[in-house]
Amino acid sequence: MKTHAQAVVIGGGLVGCSILYHLAKLGWTDVVLLERDELTAGSTWHAAAGIHGLHDNNNITRIQHYTMNLYKELEKETGQGCGVFQPGSLYLAQTQEREHQLRLQEAKAKYYGLNFYEISREKAKELHPLAQFDDVRCIMFEPEGGNVDPSGVTHAYAAGARALGARIERFCPVIGTEQQPDGSWIVRTEKGDIHTQWVVNAAGLWGREVAAMAGLTLPLQPTEHQYFVTETIDEVAAIGRRLPSIADRDGEYYFRQEGNGFLIGAYEKDMRFWAEEGTPLDFAHDLFPDDLDRIMENVMRAVERVPCAETAGVKRVINGPMIWSPDSSALWGPVPELKNYFLVGGIIPGFSQSGGLGLLAAQWMIEGEPQYDMFAWDLARFGDWADAKFTKARVEDQYANRFAIHFPNEERSAGRPARLRPAYEMQREMGAVFGLNCGWEHPLWFADQPGMSDTNSFTRQNWWEPVGRECEMLRNNVGIIDISNFANYVIKGPGAFEWLDKLMANKIPTEVGRSCLTPMISVRGGVCGDFTITKVAGDEYMMVGSGLGERYHQRFFQMVDLPEGTTFEIATDRIAGFNIAGPKSRAMLQRMTNADLSNEAFRFMRSQTIEVAGVTCLAIRVSFTGDLGWELHCAESDQIRLYSALIEAAKEFDGGPVGGRALGSLRIEKGYGSWSREYSQEYWAHEVGLDGLVKLDKDFLHKDAYLAVKDKPAREVLRYFEIETPHNADAAGGEPIFTPDGKSVGRVSSGAYGYTVGKSLAVGFANPEVAGPGDEVEVMILGLPHKARILEQPAFDPKGARLRA
């Protein structure tokens with residue numbers, strides 16, 4: 001067995017073999033895969049193995065499309081059959097909400113050049129004469145939909161990898177992984193040790209156990225999952241061709257042809273956890289006892305759709321394990337706290353995603369970054385707060401609601417609360433309706449009474465009017481926004497300036513009381529983060545960034561060594577904050593402090609440590625609302641005291657609490673971008689309007705990558721849109737944009753109603769060669785064309801007069 005390798009992949013299932021293949025394909029041929037049993041052991045071998053191209057997340061749609069196209073190429077390349085059947089898939093909508101979802105996916109398919117389009121009931125009946133569609137509102141057809149052979153695909157990846165020089169060791173359990181001082185790893189096995197630069201944990205059902213060898217605890221939980229295959233059905237055999245699969249998400253089952261019978265599966269409400277204390281090491285090609293009664297309610301809806309299945313005998317029942325993350329998306333990426341440890345786990349629709357997972361994982365390890373922004377999969381979206389209790393509750397909810405629509409702005413309650421600030425109870429009593437952000441409960445909006453919750457749909461919901469009142473209150477008077485879900489960092493020591501200056505693209509303040517906004521540049525030259533940095537003392541800085549990106553950004557912070565005697569602290573847990581904003585914010589705050597808040601004494605982007613109602617605060621004159629305002633950062637232990645004083649003082653100015661939904665609307669009115677929506681590694685600074693904050697007369701992280709792209713023509717440009725909304729719905733993000741004659745323009749990144757400008761607005765990307773300011777376009781809200789116009793400038797205060805007043 002090899003003793004050295006560029007990468008060791010642990011796990012010989014579908015995804016492990018795909019990563020091995022793609023590593024070799026991209027040039028790393030000195031790679032090894034270790035499998036404790038046979039290839040496909042675990043959850044791969046018994047998968048239903050459906051394939052589909054569309055996903056609610058645009059980039060996942062891209063990689064699913066790549067995966068579907070890869071299988072036939074693999075067959076040609078390796079000679080190993082993948083068992084590809086693509087008779088198409090019928091997607092059914094029984095409700096208006098599902099119709100909205102399918103029409104939006106149809107619009108996205110057009111944008112990406114994929115085959116997914118509406119057909120009539122008559123055409124659907126022609127394609128699947130054994131099904132009835134009388135109760136269906138809308139039917140979409142995906143011609144390339146179908147299924148593959150789990151074993152065939154996995155062995156095709158393995159064959160392709162071997163042909164390129166990769167090695168596979170079966171029956172070779174890993175018994176230890178040990179990080180070396182230089183960041184490399186020793187992988188210990190019963191057959192000997194391998195010294196490797198990268199460890200890839202693709203151990204599937206045993207991912208938790210392999211992670212524990214490196215000191216990691218993963219938010220993953222296996223469940224049982226059942227489907228069955230019927231005996232031969234005469235009506236199916238008589239058709240003489242493969243029938244399309246049926247995706248009836250409202251019916252909560254999946255249904256396709258298998259041989260001359262059907263395969264029927266379900267995600268039932270009465271679900272079962274498995275291996276809560278750990279996956280047995282002797283489990284391989286095993287199954288659980290049949291328990292079809294649990295899924296019979298779902299099955300009955302399936303046989304109502306295809307009546308000839310009702311009397312068919314059951315040929316084979318599969319009740320096997322699947323392992324889930326808390327949001328049912330992949331847990332994927334380099335572990336920020338460890339060097340060169342790549343994790344991939346919690347894969348549910350693996351046969352639709354395996355190729356993309358493998359390709360982007362290989363890109364990340366070899367090239368330093370994947371080509372797409374894949375934060376939707378990034379393991380960094382979870383932290384230690386996603387403990388076993390949270391994970392189990394979320395997995396139960398995800399499994400039981402696998403086919404439920406994930407609505408824009410939807411906040412599910414399972415597993416919550418996870419992280420609380422001291423002001424939580426006070427805010428709850430004030431009527432706050434909370435959302436989850438990096439584990440924190442933070443107010444989204446304030447209802448008239450406690451105990452309210454969101455309603456959910458693609459159209460405007462119960463929070464729409466209250467959020468409007470909050471926006472109007474802040475723009476006309478003053479509002480208090482809890483920003484304790486932002487990430488806070490404290491950098492101290494003689495090398496604090498040096499470290500920040502090497503890390504960030506803008507010039508770092510050298511004078512106490514000065515702040516700056518700065519982008520951070522990614523490996524490929526895109527914008528991987530944006531931060532506010534304030535010099536608070538001679539050798540101390542405070543940095544504020546996206547709370548959602550707190551763990552993600554650690555990877556970049558670690559790329560620049562801290563100078564001797566300098567410390568970096570993630571201070572989010574001990575610092576709370578409020579943004580006080582609006583035209584009366586100065587007058588209100590001035591009553592609460594002895595500090596001079598006049599424009600002459602406290603200018604925009606300046607800071608001071610002041611006392612507010614007796615609470616020591618770092619006050620920074622900046623506001624994400626685009627209005628006059630200050631951020632006040634205090635010790636978490638002082639949060640209730642400060643908040644109580646602010647709320648009481650605001651009453652005298654007809655102000656009050658404002659939630660995150662209103663903040664979203666206000667920042668879109670102002671045209672401000674947000675990390676993971678407008679700012680990501682995919683986009684260059686000059687595409688998102690941040691190039692003015694990149695200073696070339698200094699060094700910074702990935703400056704060479706920035707220089708390589710800075711003069712390239714913008715592929716897409718961040719634009720502002722005003723939209724006509726006759727269907728009582730606003731853009732939420734992800735909606736494609738077309739010209740009136742059907743040319744692709746771009747997509748929405750964020751959308752909201754602009755209450756204080758009286759317009760439905762969006763921020764999004766547009767191809768400058770197709771459309772620009774002043775042009776009429778169509779935004780596909782609800783999957784329907786909505787007339788829109790590209791604005792020359794943001795709808796609110798484009799010159800920034802309010803900010804600097």
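Proline 417 lies in the loop between α10 and α11, the latter spanning residues 424–429. The model described here is predicted. In this model a cis peptide bond joins arginine 416 and proline 417. The omega angle of that bond is about 0°. Most peptide bonds are trans.

The loop between α10 and α11 also holds asparagine 409. Asparagine 409 is not a glycine, yet its phi is positive, at about 70°. Most residues other than glycine have a negative phi. The relative accessible area of asparagine 409 is 38%.

Serine 676 sits in the loop between α17 (660–670) and α18 (703–709). The relative accessibility of serine 676 is 27%, so this residue counts as partly exposed.

Helix α9 covers residues 350–367, a run of 18 residues. From its first C-alpha to its last, α9 reaches 24 Å. That span is close to the 26 Å expected at 1.5 Å a residue. Of the 18 residues of α9, 16 are buried. The helix is therefore largely enclosed by the rest of the structure. Glycine 368 follows α9. The phi of glycine 368 is positive, near 95°.

Strand β22 (residues 487–492) is another buried element. Five of its six residues are buried, so β22 is largely enclosed by the rest of the structure. Strands of a sheet pair through backbone hydrogen bonds, either parallel or antiparallel. β22 pairs in the antiparallel sense with strand β25 (residues 540–545), over six bridges. Within this pairing, valine 490 has methionine 542 of β25 as its bridge partner. β22 also pairs in the antiparallel sense with strand β26 (residues 567–570), over four bridges. There, tyrosine 489 has isoleucine 570 of β26 as its bridge partner.

A closed barrel of six strands is also present. The strand order is β32-β35-β34-β33-β36-β37, and the pairing is antiparallel. The twist from one strand to the next averages 45°. Within the barrel order, β33 and β34 are listed side by side. Strand β33 comprises residues 736–738, and strand β34 comprises residues 744–754. The two pair in the antiparallel sense over three bridges. Isoleucine 737 stands opposite glycine 746 in β34.

Helices α6 (207–213) and α10 (388–400) each supply at least two residues of the lining. By class, the lining of the second largest pocket has 16 nonpolar, eight polar and twelve charged residues.

The model has five cavities of 30 Å³ or more. The volume of the largest cavity is about 60 Å³. Its lining consists of Gly53, His65, Met68, Asn69, Leu114, Asn115, Glu142 and Glu144. Helix α2 (residues 58–78) gives the most to this lining, with three residues. The lining of the largest cavity divides into two nonpolar, four polar and two charged residues.

The second largest cavity has a volume of about 50 Å³. Trp332, Trp364, Pro370, Asp373, Met374, Phe375, Asp378, Tyr552 and Gln681 line this cavity. In the lining of the second largest cavity, six residues are nonpolar, one is polar and two are charged.

Technical notes
Residues numbered from 1 in each chain as written. Predicted model: local features only at pLDDT ≥ 70, side-chain atom pairs only at ≥ 80, totals over all residues. Heavy atoms only, no water. Nonpolar A, V, L, I, M, F, W, Y, C, P; charged D, E, K, R; others polar. Expected span 1.5 Å × (residues − 1). Buried < 20%, exposed > 50% of the residue type's maximum accessible area, 1.4 Å probe, protein only. Pairing = 2+ DSSP bridges. Axes fitted to C-alpha atoms, helices over the stretch in contact; angles between N-to-C directions. 1 Å grid on protein atoms, 1.4 Å probe; cavity = no way out; pocket = protein on both sides within 12 Å on 5 of 7 lines; lining within 4 Å. Points joined across faces, edges and corners; volume = space filled by probe spheres on them.
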